[in-house]
Amino acid sequence: MLSFEVLGQTIVNGIAAASIYMMISLGLALVFGVMRVVNLAQGEFMMLAAFGSFWLFTLYGVDPYLSMVAMIPASLLLGYAVYRLIIRRLLGADDINQFLATFGLALMLQGIAQYLWSADLRRLPYVLPSLEVGDVTLAGVRVVNIGVCLAVLAFLAWFLGWTGIGRSVRATASNRMGAMLCGVDVRRVDATTFLLGTAISAVGGTMLALVYFVYPSVGAGLIFKGFAVVILGGMGSIAGVIVGSLVLGITEAMVNVYVSSQLSALVAFAVIFIVLVSRPQGLFGTAR
Amino acid sequence: MLALDSVEAGYGQAKVLHGVSLTVEPGEIVVLLGANGAGKTTTLRVISGIIGARGGVTFEGRPLIGMAPNRIVELGLLQVPEGRQLFADMSVEDNLLMGSHSARAKPHRARALEQSYALFPVLKERRTQKAGTLSGGQQQMLAIGRALMAQPRLLLLDEPSLGLAPQLVTAVFEAIRRSNESGMAILLVEQNANQALRFAHRGYVLEGGRVVHRGSASELADDPAVQRAYLGLRAATA
Amino acid sequence: MAARTAFQNLAGRLAIAVGATALSLCAHVAPAAAADPIKVGIVVPLSGAQAGSGELVLRGYRLHIDEVNASGGVAGRKIELFTEDDRADATTSTSAVEKLISQRGVVAILGSYGSAPTTTGSDVSERHKIPYIAAHAGELRLHQRGLRFFFNIHPGGPPRDVALATFFAEVLKPKSVAGLHSNQAWSIEGMKTLATALKEKAGVEIRQDEFPANTPDMSGQLTRIKAGKPDLVSLYGLDSDNATFLRQALELGLNPRHISVLGDVRASKAAAGLNFDTVLMCDDWFVGLPGAENEKYERLYRTKFPKDTPDRFAVKAYAAAQVLVDALKRARSIDGQGVRDALSATDIPTPVGQAKFKEDGQRLGTFVVAQYQKGAPVVVYPESARTSDAQLRNWRGFR
Amino acid sequence: MTSSSTPGGTLLALLPWLVALAIAAAVPLFLPIYMQRVAVTCLMFVTLGVSWNLSGGFAGQLSLGQAAFFGIGAYGSMITAEHVTSDLLTSIVVGGIVAGLCTPILFPAFRLRGIYLGMATFALGESMRVVAEKVFPGEASGLHTPVVFAVDSLAPYYWALGIAAFTIAVGAWTIRSRLGLGLMTVREDDQAARSIGVPVALYKAIVFAIGAFATGLAGGFYARYLGFIDPHSVFHLDHSINPVFVTIIGGIGTELGPIVGAIFWVILQEVLRGLTDTPAVNTIIYGLLLLVVILVVPRGIVGESQAIWRRIADRRRGRRTGKEIPVVAD
């Protein structure tokens, strides 16, 4: 059972899962880093984008990797509305209130999706040929997903590291008051960050639709994986998100193959609990 | 240049400023003295637009109350805040570059960076280091350097000497004086009244959110009440 | 003048409304006349994860009842249906059944989808002495509770598992078998029965693996199975699990000689785009199964829902409705006890086979094995129902 | 709700509660059987909400894992009923005690605050569900005991009422005791509370144990009432979220909040059920309500009414509150 092929295949499976986890966690981490708001509805942005790509393919035969791009402007519209109507009012609000308000938003979006499209589990019938590397088989869509994920990370690295607005985002995350005193329009930074997170989740939504089911509460299940990743990596740390996603994805895959498939559902929750009580700043965060 | 007229401000229900009036003229160094909790920092926050207030605050005739902090920075009014408010996990150079964020400062960014490095050579040595890893004095230099990057016309300084070794205090004040000589007006909040009065043109004394004394630096230094309250201990130990 | 007219108008309407209410109150008090409708309750999940299946079950019930009503009802009395949503949830199911019985006064309940809501729902209905007819709940323990008012169209797991094991042993003759089942009780029970029967008939062990029901990702399990290189993989899961399995088996290059699943692989919306050819399936009903009753069902279904293929959840519900209507016709009195007694003597043909209940309320039924060939299921086992030979070549994957 | 030191004063303070209890006791006599079941659900919400409000509202300790205690209570009472005694009271109380005794699983999380505590407790609750699903596989092979209550019996209502009244009484006693005062300082600041000599960890443990006990009682009663449980239904996330929901709607940190919130929500649900047969609408309303309450009336129904009442009272007394100075956070 402990053959190299199984191990290799398991790690690849884990990385493929991690690429999806990264898409939801990046949004969570960015928004938390800059605004200190935990946005529980991040998963629903993903769900809506997944439905968008699903319907574009099912009804009009649009290639999902094309609709992935089309989902970005659509998600920006929704994201801006959510930011203006809800998120902006939650700045500096009580933890409990932020949590419950965004939870309310999440439920509302789920309800709307269910009202429109029913609770059925659906799958986007799109396949790409698999790759054989030795005894390890790589599903085509998963390989492309990993590629898309790397592209998103590269974009993010460029945006945050090399652009002026990116520097403002980092500055605001690092010290909000300091950024204001430097003349940064922090509200614009907030909006930019929130929309960036929304857009990444929208891209993730299409990735999700290609390998998972599409249904109204798909995002609700994923948001907790996102929490586990963000807590593991350190709230608000981008490097933490990358490492956290890989650790979670690969650990889950390993537990699934070598221990028990049911217990692999426990990994994310165990990570949340154990990391919070033992090292609340996570792997990459600094103690606050 | 800057004028405050009966400014009232506070946090929630707790009122801190009960009608503060003061002015800063071009090219001046004005010092704001007062005990802890007198409202010095709150006054600076009102000017920078960090907190709201009632009353009149104008900068070159333009009302500032209700204006967003980033717009105030665009006017050339910069604050080096208490506690420095640096971007601890960003590099020294990124911190300085953030200083020239405003549209009016951006075109002069390269030259301003040169000037900052010339003023504080130690910052150039450590340009790639994270700001959080600098010593207290270096952080203060970085905070001032960052503010200067914005090409301010009026610089607000909140306790620049706090927690610094004496020779560093001298260096910091020297840097401030040099900036002033190039035409920048300065409003300084200091507890180290002795040094501040030696260096400022005029001063105000705040007590319980009100201006209780005002005058030229030498007048204040000679005022017995000011001496008793703010210079006494210093005078005795000096 | 205009205002006055409007007022008179309103007053007139009010008078009519009051009169109508009074009349309906009298009607309520008066003993049930022969033309009063017979009230029947339906509890199905219309929200939550099982809403899709619940919707199909509801279709099946309505399909038959509407037809009966259109042709004059039962002894001149129409059947009036009251539907409640139970979210396939044990708690909601109790209040839904309670509401139907105590609030609506129904004489029978057509039941839910899934074993949990069926358990609690039938408990409540037992206490009211109102018959509960389940259409889709397969667990053994449902019938070990000694209920007298509980009837189940589903013949339960063991006949299915034994049929499947016999087919494997006699036709496929596999050397190594992997079994993959969901974490639900019916699935665990079923796999156990299958393994025992196969051991007995062919001397082959089944290597078993488990996954959480409705999982979107089985790659871990499939990785493990692939390493064992089985020539038959038998899957016990929900419709969505069938789709996930086939898709990921292909993605991960797991290509055993035979794949067997439960139910119809095409049933899940998640199965879109897959090629099912050569996939083996076990159930008590398939589209196109010969027989007059089924032909009638399929005709009705296609008339009512021209875009859809006749459905296997709907067909069991349809059969349950047939059984109920038949009992209502034969019942000595239209009340809980009368309908119950008539139900226990049921012996009628339905699309899923003859309906006849055992002492414990479960229907005696037989299962068939079908295989997708050129895009449509054909029955390959047993001999008596066979429409075509099983094709023993490898599954090809996607279209 | 001010309590007075004189016995007569105490009695006077208790009077509104006793009247409310009497009314509640009379209510089911006028309800059809179905509505009685709805009322039982409502009383369960009250119990869960009041017990959550103790730690979440008064002590500011956000727990999102109460489903763990509900489930433990349910399994505790079912296993007792199956193997020890089928006596109703015994099995329900055992359920409560077992849940209370499980409080120590929360101890490691006590140093967390706010959202972090919320996430840790949430993770704990969900872990319990996964573990329970592994230990007791789902669906109808969940536990099944003979049904205790007759069809038209009013007993379930009075059991639920008794548990709710007990929880309200214990809650009222807790917040008026030294424990309650200590907890309110904990809500403001752990450190400050510790510095004035409040045994913070002990107090947290006690208040969570009280909450767990009451939640366990509710779980135990639920199990016996239904006669059937499975991990999916008793460890369901709903049992963690609903108590928070009704408390927020009613008014967090107020004694009446969870009670008013529970009644409001249950009635609203019934009305909605009458208006639409599309269940997704229920989910939408649930989310919308949460959003609107938090953004518009964060103090909830009770908190907001109290604030309005206070404003009216102030005006009547001629006192004028000074206009607040605007504070811009950013």
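**A helix of chain D and its surroundings**

In helix α9 of chain D, which covers residues 200-226, there are 27 residues, and at 1.5 Å a residue they should span 39 Å; the end C-alpha atoms are 39 Å apart, so the two values agree. The model examined here is a predicted one. α9(D) is mostly covered, since 22 of its 27 residues are buried. Just after α9(D) comes D:Gly227, which takes a positive phi of about 75°.

A helix of chain C may be read in the same manner. Helix α6 of chain C, residues 185-202, has 18 residues that should span 26 Å at 1.5 Å a residue, and its end C-alpha atoms are 25 Å apart, which agrees. Among the buried residues of α6(C) are C:Trp186, C:Met191, C:Leu194 and C:Leu198. The buried residues of this helix pack against α5 (157-172) of chain C and against the strands β6 (177-182), β7 (206-211), β8 (232-236) and β9 (258-262) of chain C. α6(C) is followed by C:Gly203, whose phi is positive, near 70°.

By contrast, no contact joins chain B and chain C, and their closest C-alpha atoms lie 39 Å apart. The contact of chains D and A takes 41 residues from chain D and 42 residues from chain A. Between them the two chains bury about 3700 Å², with 81% of it on carbon and sulfur atoms. Zero salt bridges are counted between chain D and chain A, and one residue pair is in polar contact, both residues being at pLDDT 80 or more. On the side of chain D that touches chain A, the elements giving two or more residues are α5 (114-135), α11 (238-250) and α13 (280-296) of chain D. The largest share, 14 residues, comes from α5(D). The residues on this side of chain D divide into 30 nonpolar, six polar and five charged.

Salt bridges are present elsewhere: a search of the whole structure finds 36 of them over all chains. In one of these, the side chains of B:Glu159 and B:Lys40 meet at 3.7 Å, N to O. This pair links distant parts of the chain, 119 residues apart: B:Glu159 is in the loop between β7 (154-158) and α7 (166-181) of chain B, and B:Lys40 is in helix α1 (residues 40-48) of chain B. Both B:Glu159 and B:Lys40 are buried.

C:Lys316 lies in helix α10 (residues 312-330) and C:Asp284 in the loop between β10 (280-283) and α9 (292-304) of chain C, so the pair ties together parts that are 32 residues apart in sequence. C:Lys316 and C:Asp284 are buried. They belong to a network of salt bridges that links C:Asp239, C:Asp283, C:Asp284, C:Arg312, C:Lys316 and C:Arg363. C:Arg332 forms a salt bridge with C:Asp341, and the closest N and O atoms are 3.4 Å apart. Here C:Arg332 counts as exposed because its relative accessibility is 74%, while C:Asp341, with a relative accessible area of 25%, is partly exposed.

Methods: Residues are numbered from 1 along each chain as its sequence is written. Chains are lettered from A and ligands numbered from 1 in the order in which they are written. Side-chain values use heavy atoms; hydrogens and water are left out. Contact means heavy atoms within 4.5 Å. Buried area is the accessible area (1.4 Å probe) that two parts lose on being put together, summed over both. A salt bridge is a side-chain nitrogen of Lys or Arg within 4 Å of a carboxyl oxygen of Asp or Glu. A polar contact is a pair of N or O atoms within 3.5 Å; within protein, one must be able to donate a hydrogen and the other to accept it, and residues adjacent in sequence count only if both atoms are side-chain atoms. Helices (H or I, at least four residues) and strands (E, at least two) are DSSP runs, numbered from the N terminus. Ala, Val, Leu, Ile, Met, Phe, Trp, Tyr, Cys and Pro count as nonpolar, Asp, Glu, Lys and Arg as charged, and the others, Gly among them, as polar. The expected span of a helix is 1.5 Å times one less than its number of residues. Buried means under 20% relative accessible area, exposed over 50%, partly exposed in between (1.4 Å probe, protein chains only).
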